[in-house]
Amino acid sequence: MNDLTLGERLRQRGVSRRGFMKFCAATASMMALPPMMIPKVAAALEQAKKPSVIWLSFQECTACTESLTRSHAPSIEGLIFDHISLDYHHTLQAAAGHAAEHAREEAMKEHWGKYLVVVDGSIPMGANGAYSTVAGHSNVDTMHEVAEGAAAIIAVGTCAAYGGLPMADPNPTDAVSVEDLVTDKPIVNVPGCPPIPTVMTGVLAHFLTFGRLPELDHLKRPKVFYGQNIHDRCYRRPFYERGEFAETFDDEGARKGWCLYKLGCKGPTTYNACATAKWNEGTSWPVEAGHGCIGCSEPRFWDAGGFYQALSVPTSDVGSTILTAGAAGLAVGAAAAVLNKKTKGAAVANRETITIKDLSKES
Amino acid sequence: MSGLDSIPVVAEGSRTENLKPLLREIEQALRELIDDAKETVIDLAAMPFSAQDEQDLKSYLGSGEVIATMNAFGPTSIEETGVPGVWWVEHKDAEGRRLTLHLEVARVPAIMVTPADDLREGLAGLQASLSASDDGDALQ
Ligand code: SF4
């Protein structure tokens, strides 16, 4: 059964040739490949063999796994997951204790040099790694041991990719990312706190389909998903270009869906696929829900200043609009600073507009 | 009225302003179909495109003469728009959730064409049943 190709497995389940093409169309879309690649995806998936995957969860909050298990195309992603051999995932697997560790060791032995490792969570180096251990082994030891026989490693989530929240100042556990620790294996970073489920599955599907990793950028992120910043794909961009900004979360501009730049949106410096892939079965995404992007897929987003502080330095497109926008954003911030907590309390009582500065004065 | 219903907020549908460029892309694709028989598929999930944009595009393109449904790995609806050669192809999974929404510029969307292996298997099946009926009297 394990030797069946994906095409054979689907036919065995009664999926017709048209059904298979449909599956391939959905998979290509999930991998952000153009539709003209569908025949290539079909030819490759037809022959795809079942890879062994070992999933290691280190210093993390489990949101990456939560996100993945709530992916919004369960039939497609279910089939992809059925077609990988998830030999170890201590949050999801039924086995526990020695049996679970034995399953990991067996999978490593059997597929040495060929298995794929998925990691979520950062790795604490402090106190000889004692801050996080599984089955009596420190995460750092397990990472080295499992990485040795891996074909490639996928660092899922901002913690595994860049250290994430555990690394936030003062980094009490001396947390590091996967690539800080493993330097001799191909690594793909799939950042996000958590990452978009279809992006995670898309990377797995790419490996499954083509037997190799997708093309990566300088931060080892798959270009198809992280090639453009949020700002470039944001539907509020026309408001930004016209200099129409929401100044508070409940003003006229906010109600009209204007740009959230002055409310601290980090879209211009954040590379991710939220604007197209969206969240919760494609329902919406933070900017569409009225909150600026917090930049959760960027290195050091956790220590990069307040979420509600407008980016003061223009980024990629240094045009007159953004310069004006940046300067205006700062001016708004400075003007709002004169309001104190008392003003905010009164404003709440009277349903007046509250500036973001008021909110940040809360603490 | 209770809960969320009691909040008198009406969300305006957002637009991305990608509609016009998309219509130009469709125009170009149609020209290529006529001149070079080149077919084009546009994946609407690959660009920022809101529900409101989709509704606008649907009313702009209108409805054509052909509507087909396919049942393979969940339902698929195939509809020609009011612009001949421009088709909506929407794949859903067995629970009715959308998998992809494509705009296909072609004489016939690719998914509707019978796969060659299905043709051969169909012929073999028909021949087998005909020879079985020659032996018996199933068709009399
Ligand atoms: S600043 Fe934020 S809300 Fe404004 S256009 Fe850019 S990503 Fe969209």
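Modeller: Helices and strands here are DSSP runs, helices being H or I with at least four residues and strands being E with at least two, and they are numbered from the N terminus. This is a predicted model, in which local features need pLDDT of at least 70 and side-chain atom pairs count only at pLDDT 80 or more, while totals for chains, interfaces and linings use all residues. Residues are numbered from 1 along each chain as its sequence is written, chains are lettered from A and ligands numbered from 1 in the order in which they are written, and side-chain values use heavy atoms, with hydrogens and water left out.

Biologist: Where does Phe73(B) lie in terms of those runs?

Modeller: Phe73(B) belongs to the loop of chain B between β2 (63–71) and β3. Chain B as a whole has three helices and five strands, which follow one another along the sequence in the pattern α-β-α-β-β-β-β-α.

Biologist: Why is Phe73(B) called partly exposed?

Modeller: A residue is buried under 20% relative accessible area, exposed over 50% and partly exposed in between, with a 1.4 Å probe and protein chains only. Phe73(B) has 22% relative accessibility, and therefore counts as partly exposed.

Biologist: What makes the phi of Phe73(B) worth a remark?

Modeller: Most residues other than glycine have a negative phi. The phi of Phe73(B), however, is near 60 degrees, a positive value in a residue other than glycine. Arg300(A) likewise has a phi near 60 degrees; Arg300(A) sits in the loop between α15 (274–277) and α16 (320–336) of chain A, and its 42% relative accessibility is why Arg300(A) counts as partly exposed.

Biologist: Why does Thr142(A) count as buried?

Modeller: Thr142(A) has a relative accessibility of 8%, and so it counts as buried, the limit being under 20%. Thr142(A) lies in helix α7 (residues 139–148) of chain A, and, leaving aside residues up to four places away in sequence, touches Leu56(A), Phe58(A), Arg104(A) and His137(A), a contact meaning heavy atoms within 4.5 Å.

Biologist: And what makes Thr40(B) buried?

Modeller: Thr40(B) is at 15% relative accessibility and therefore counts as buried. Thr40(B) lies in strand β1 of chain B, and its contacts, not counting residues up to four places away in sequence, are Ala29(B), Glu32(B), Leu103(B), Glu104(B) and Val105(B).

Biologist: How is the size of an interface often given?

Modeller: It is often given as the accessible area lost when the parts come together. Buried area is the accessible area (1.4 Å probe) that two parts lose on being put together, summed over both. Between chain B and chain A that area is about 2,300 Å², with carbon and sulfur atoms giving 60% of it. Pro48(B), Phe73(B) and Arg97(B) supply 25% of the area that chain B buries against chain A, more than any other three residues. The contact takes 32 residues from chain B and 27 residues from chain A.

Biologist: Why is the pair of Arg17(A) and Asp118(B) called a salt bridge?

Modeller: A salt bridge is a side-chain nitrogen of Lys or Arg within 4 Å of a carboxyl oxygen of Asp or Glu. Across the interface of chain B and chain A the rule finds three salt bridges.

Biologist: Which elements of chain B each supply at least two residues of the side that touches chain A?

Modeller: They are β1 (40–43), β3 (75–81), β4 (86–92), β5 (98–105) and α3 (116–135).
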